[in-house]
Amino acid sequence: MRTVLKRLPLRLHSCLLVFLVLLGGCSDSANPNVQQAVPSPDRSPALLSGLLPSEEVVPAKQLVLGFSQLGSESAWREANTASIREAAEEAGITLRLGNAEQDQQKQFEAIRSFIRDKVDVIAVAPVVQTGWEPILLEIRQAGIPVIIVDRSVNVEDSSLYVTFIGSDFYQEGVKAAKYVIDKMRHHPEAIRIAELQGTVGSTPSIDRGRGFRKLMEERPNLRITMSAPADFTQSGGREVMRTFLQQPEEKWPRVLFSHNDDMAIGAVEAIREAGLVPGKDIIIVSVDGTRRAFEQMVAGNINAVVECNPLLGPLLMQAAAEIMAGRTLPKRMVTPEDIYTQELAAMEVANRKY
Ligand code: AHR
């Protein structure tokens, strides 16, 4: 691993060092162990040369990272996997990657194979929040450090993992709600909202739903009248939206909150099939910020998108290398994210990296 950090580009060193010195402005940032990951890997970080003396951090053998990816359900996930593959290659880290196809048991199997192979570090993007204690204990017994990526785990003993790198999903729900409240500010009448949830039991679905509802409590005329899971897939979004629109017309929603872009794009198809105009008859806000969603915003079909950054590869590689070098990491690293509306979409679409 001595070679590993030498091969890590300087900008990766700088990314993590910036985590260590900047406090995040997100919902859990009151905790001193929460750091906001500024800048994000796609935003040309400033170079902080000389801050990591190579004698201290360069390990003796090549780092092997086992990564249990939860699936390939969305454009976000594809971008996340690609980012992790590319960053590993760039850093000279050997990556063992298992795709669990949204099945927690398959994640356990992949993790056990990483343990058998004696990898140096295990990273997990957990499909759901619960059920992780036993496998994390197995990893601990094997003496392998764990990094949680993207979605979180509900465990009583947080020392079972070193750090959790990913978005603040609760804040994403809050941002979506703020947009809806503002958009509907001239509508005192009762407004029906439909919600397309992601995978049942997953952190983004739970937390985006909570954040959104929290703000809706302040506006009694804005009510979620339909809500169902669609597994973060485009086909799921299309099917569930069809069932929403099979209701009598007086029950149709005026607003759709979709927990991700793929489901929103599926819903756009269903809305058209029903003879309605997406983005006008039904106001749509979704989460992720994929290029496809930006194109839909430019076309007027989606009204706003809350960003959720999947480009976590460089941060993950840096964290793995830092752990191997014996450094202490913040328990939580949060990626900074924005919200985009139709007005900004045309300007931004060409800049989207995923
Ligand atoms: O965990 C992140 C979520 O998972 C993304 O919002 C969604 O698109 C993906 O499938």
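In this predicted model, the buried residues of helix α8 are Thr203, Pro204, Ser205, Asp207, Arg208, Gly209, Gly211, Phe212, Leu215 and Met216, and they pack against α7 (169-183), β7 (191-197), β8 (222-229), β9 (255-258) and β10 (283-288). With 10 of its 14 residues buried, α8 is therefore largely enclosed by the rest of the structure. The end C-alpha atoms of this helix, which covers residues 203-216, are 20 Å apart, in agreement with the 20 Å that 14 residues should span at 1.5 Å a residue.

Helix α12 (residues 313-324) reaches 17 Å from its first C-alpha to its last, close to the expected 16 Å. Because 11 of its 12 residues are buried, α12 is likewise largely enclosed by the rest of the structure; among the buried residues are Pro314, Met317, Gln318 and Glu322. The helix is followed by Gly326, whose phi is positive, near 80 degrees.

The count of aromatic pairs comes to 3. The ring centres of Phe108 and Trp132 lie 5.3 Å apart with the planes at 90 degrees, so that this pair is edge-to-face; it links Phe108 in helix α5 (residues 104-116) with Trp132 in the loop between β4 (121-124) and α6 (133-141), 24 residues apart. Phe108 counts as buried at 10% relative accessibility, as does Trp132 at 1%. The rings of Phe212 and Phe257 are stacked, because their centres are 4.2 Å apart and their planes are at 15 degrees, and the pair ties helix α8 to strand β9 across 45 residues of sequence. Both Phe212 and Phe257 are buried.

Charged side chains also lie over aromatic rings: the charged end of Lys331 sits over the ring of Tyr161, 4.6 Å from its centre, and Arg332 lies over the face of Phe164, at 4.0 Å from the ring centre.

Note on methods. Residues numbered from 1 in each chain as written. Predicted model: local features only at pLDDT ≥ 70, side-chain atom pairs only at ≥ 80, totals over all residues. Heavy atoms only, no water. Helix = DSSP H or I, 4+ residues; strand = E, 2+ residues; numbered from the N terminus. Expected span 1.5 Å × (residues − 1). Buried < 20%, exposed > 50% of the residue type's maximum accessible area, 1.4 Å probe, protein only. Contact = heavy atoms within 4.5 Å. Phe/Tyr/Trp six-rings, centres within 6.5 Å; stacked < 30°, edge-to-face > 60°. Lys NZ or Arg CZ within 6 Å of the ring centre and 35° of its normal.
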